[in-house]
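Hello,

Here is the structure I promised to pass on. Have a look at it first, and my notes follow below.

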Amino acid sequence: MKNKATLLNIVLAAVVVVLVYQLSTHKPEVSKENTTTETLISQVEQGSTTKRSVGARGHIHPKPALVIGSYGEDGTPNIMTAAWAGIVNSRPMSIGVSIRPACKTYDNIMATKAFTVNVPSARNVAHMDYVGRISGHDENKFESLNLTAVKGDFVNAPYVGEFPIVIECELTEIVDLGSHRQFIGKVIDTKVDDRYLDDNDQVDIKAINPVIYGGDYYYGFGQRLARPGDAYKLFIDDMEPDFQPTNYANSTLATIYNRKSVRHYTDRKVTKEQITALVKAGMAAPSAVDKRPWAFVAVSERSMLDSLAAVLPYAKMLKQASAAIVVCGDMDKALKGNEQAYWVQDCSAASQNILLAAESMGLGAVWTGVHPIKEREDDVKKVLNAPESIVPLNVIVVGYPTGQEKPKDKWDESNVHWEKW
Ligand SMILES: Cc1cc2nc3c(=O)[nH]c(=O)nc-3n(C[C@H](O)[C@H](O)[C@H](O)COP(=O)(O)O)c2cc1C
């Protein structure tokens, strides 16, 4: 009995010691809910330089989210997602993919000695996520997702017909790493949907919009930062880069702050698809009572652009540009009476959407005014052959920027009045 009491006392004393130690060493946890990206970025801007160890983790960013294609021994096509993958050699161009032995893909590659690497676009994110969760041991994922398994032209592996980039690889080496085996494949052929290739066979990554695997989330491709071979000039005397340093993690804010009025364009033509995307962005604007009192005239014919330039004194850059959008108010669709004037705000919101969309697409645009100058309205209407109910608000001139124009920092705290004037 006495021994029992002594033992109990010792245990209680130990508990007290542990509790006191824990309380004295406790550091308040940073609330994850309050730690927004913006908070983190502002800490970085304030020069916080301490580093915290987070253990042996694979924090390499960005990580790709690729889809690996392979055939089973019976010829059934299969696809799985792999993030532990990347280019591992240049000559010969080789790709390494690490795969767990439990995967059907593992058995397939061991048997066929070939695989494809398929790069999904953000449009394919749900397909990519699905094939990373369901195993080919249980179902034919091509059939479940209604995707097209196209037999490789050069290797015994299928690729995904719907994905923008597909790479055929022949297995050259296997490295046993522990949990995963790395399959190294020599690239035999790479195919890219030609709508994503420019005249020099360069891939337009922004158009493809590849998926970035961020661990907790899939991300789309962000804003352009800099041209390789340009950003480094920032640190070299006598070299003027086009590059503008940016800290914006939020690509929408980056687009807003980087927008500038662009009046100088290269010879590269703006396509009909791009103009359509711009007009679609315009129509996404809010409007009073959802009246959408707008009409857009998309202009890309040289003679039309020149005719507009001839009547608009401040839109001479039309002569250089390959496209323009005339944003008009349609009085037949607008509100009536003293609410009619809301059309100007509605069409202005649409115009700003177009300018921001152009910036985000790597295009340059400038708003040139028409309304409320009556003669200009009449002249533009005449050029466009527009009906009576139409009032042109502006002509937005669009082209590929030469890089001459830079964004301005217009932040001025004296314009802000908190709560009251
Ligand atoms: C984003 C993401 C990344 C993945 N990366 C890998 C990887 O690199 N290697 C791996 O073995 N499994 C990876 N997986 C898991 C496999 O894709 C998953 O186990 C799949 O069901 C295997 O398919 P299979 O059995 O048909 O080959 C990933 C899954 C997701 C969602």
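Which of the 23 residues around the ligand come nearest? They are Trp-84, Thr-105, Gly-132, Ser-135 and Gly-136, where a residue is near a molecule if its C-beta atom, placed from the backbone, lies within 6 Å of it. Strand S3 (77-82), strand S5 (94-99) and helix H3 (104-112) are the elements that give two or more residues to this shell, and S3 gives the most, with four. Helices (H or I, at least four residues) and strands (E, at least two) are DSSP runs, numbered from the N terminus.

Please keep in mind that this is a predicted model: local features need pLDDT of at least 70, side-chain atom pairs count only at pLDDT 80 or more, and totals for chains, interfaces and linings use all residues. Residues are numbered from 1 along each chain as its sequence is written.

Next, the sheet. Four strands form an open, antiparallel sheet in the order S13-S14-S16-S15; two strands pair if DSSP finds at least two bridges between them. Its edge strands, S13 (294-299) and S15 (364-369), each pair on one side only. Six bridges join S13 to S14 (residues 323-330), and Val-299 stands opposite Ala-324 in S14. Helix H10 packs on the sheet, touching S13, S14, S15 and S16; contact here requires C-beta atoms, placed from the backbone, within 7 Å.

Finally, residues of helix H8, including Ala-277 and Leu-278, meet residues of H10, among them Ala-350 and Ile-354.

Best wishes

Methods. Two residues are in contact if their C-beta atoms, placed from the backbone, lie within 7 Å. Axes are lines fitted to C-alpha atoms, for helices over the stretch in contact, and angles run from 0 to 180 degrees between N-to-C directions.
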